[in-house]
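This report walks through a protein fold, going from individual strand pairs to sheets, cores and selected side chains. Please keep the sequence and the structure in view while reading.

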Amino acid sequence: MRPARLAFAGVLSGAVLLTLAACQGEAPPPAPQETEVPEELAAPPAPVVQGTGPGTPMAERVATIGLLNKRNNISREIELKPGESRRVGDVVVRLASCERTAPWENPPEIGAFVQVFVQDRADADSQPRWTRVFSGWLFKNSPSLNVVEHPVYDVWVKDCTMSFPDEEAPLEKGEGKATRSPTGAASPKASVPDPSPSPAASPTTEA
């Protein structure tokens, strides 16, 4: 009986060691997220919206979009040029346009026209499909004007990188930033469009 007891003790010790190693070892790496934009969502649904005011041409601007997954509380920043799309897991964010007011305008505002698509399925047996959950302007300083309403994902605009002529020039003495431009001329109207237009309202393929 003694050899049998020794063999059992050896098996038990090996199991304990494996358990301890599993507890002390690193957690398994998370499952990789899909990053390839689906073919039906890769192309912009309409020509990129052209800016109406002075400043950097629309095609050269870069918008910074915030994306939050409410399930795991993980947020990230996505940088896009007008006409580009980015996929993060089960969500695709597409940018059509971004604008910001000139530095001499008051109040300041930053806006971006984005579309948000989420992959879901009606039930466990159905094929997943892409559904557009938002299409419109988002505003940094006025977020209540338009909100992405989704139980899992939150999307907001953080910045629009662009410049204006003479933006860095010093103001003349006695001129205020809110009412005069750096050249002394009356400030133009704000370049951020009204939230009502929808320049990219329909995707190429509806989910």
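This is a predicted model: local features need pLDDT of at least 70, side-chain atom pairs count only at pLDDT 80 or more; totals for chains, interfaces and linings use all residues.

## Overall make-up

The protein contains 2 helices and 7 strands, and, read from the N terminus on, its elements follow the order α-α-β-β-β-β-β-β-β. Of the 207 residues in the protein, 34% are buried, while the exposed surface comes to about 12,800 Å², with carbon and sulfur atoms supplying 54% of it.

Among the contacts between residues at least 6 apart in sequence, 61% join residues that are at least 24 apart.

## Two open sheets

As a general point, the strands of a sheet pair through backbone hydrogen bonds, in either a parallel or an antiparallel manner.

Another open sheet is formed by 4 strands in the order β3-β4-β5-β6, and its pairing is antiparallel. Here the edge strands are β3 (85–88) and β6, each of which pairs on one side only, and the twist from one strand to the next averages 20°. Within this sheet, strand β4 (residues 91–100) and strand β5 (residues 110–120) run antiparallel and are joined by 9 bridges; in β5, Val114 is the bridge partner of Leu95.

In soluble globular proteins, nonpolar side chains tend to be buried together. The largest nonpolar core of this model has 27 residues, and those with the most contacts inside it are Ile65, Leu67, Val91, Ala112, Val114, Leu138 and Val155. Two or more residues are given to this core by each of the elements β1, β2, β4, β5, β6 and β7, and β5 gives the most, with 5 residues.

How does Val114 sit among its surroundings, and which residues is it in contact with once its neighbours within four places in sequence are left aside? The contacts of Val114 are then with Ile65, Arg94, Leu95, Phe134, Ser135, Gly136 and Leu138. A second, separate core consists of 5 residues, including Val37, Leu41, Val92 and Phe117.

Thr131 is found in strand β6, which covers residues 129–139, and β6 is one of the edge strands of its sheet.

The side chain of Thr131 makes a polar contact with the side chain of Asp120, at 3.5 Å. Thr131 and Val91 are 40 residues apart along the chain, and their C-alpha atoms are separated by 9.5 Å; Val91 is also one of the residues with the most contacts inside the largest nonpolar core.

Arg100 is found in strand β4. With a relative accessible area of 15%, Arg100 is buried, because that class takes in values under 20%. A polar atom of the Arg100 side chain lies 2.6 Å from the backbone oxygen of Met162.

Phe164 is found in the segment after β7, and Phe164 is buried too, with a relative accessible area of 7%. Although Phe164 and Arg100 are 64 residues apart in sequence, the distance between them in space is 10.0 Å, C-alpha to C-alpha.

How values were computed. Residues are numbered from 1 along each chain as its sequence is written. Side-chain values use heavy atoms; hydrogens and water are left out. A polar contact is a pair of N or O atoms within 3.5 Å; within protein, one must be able to donate a hydrogen and the other to accept it, and residues adjacent in sequence count only if both atoms are side-chain atoms. Two strands pair if DSSP finds at least two bridges between them. Axes are lines fitted to C-alpha atoms, for helices over the stretch in contact, and angles run from 0 to 180 degrees between N-to-C directions. A nonpolar core is a set of buried Ala, Val, Leu, Ile, Met, Phe, Trp, Tyr and Cys residues joined through side-chain atoms within 4.5 Å. Buried means under 20% relative accessible area, exposed over 50%, partly exposed in between (1.4 Å probe, protein chains only). Contact means heavy atoms within 4.5 Å. Accessible areas come from the Shrake-Rupley method with a 1.4 Å probe; for residues, only the protein chains shown count as cover.
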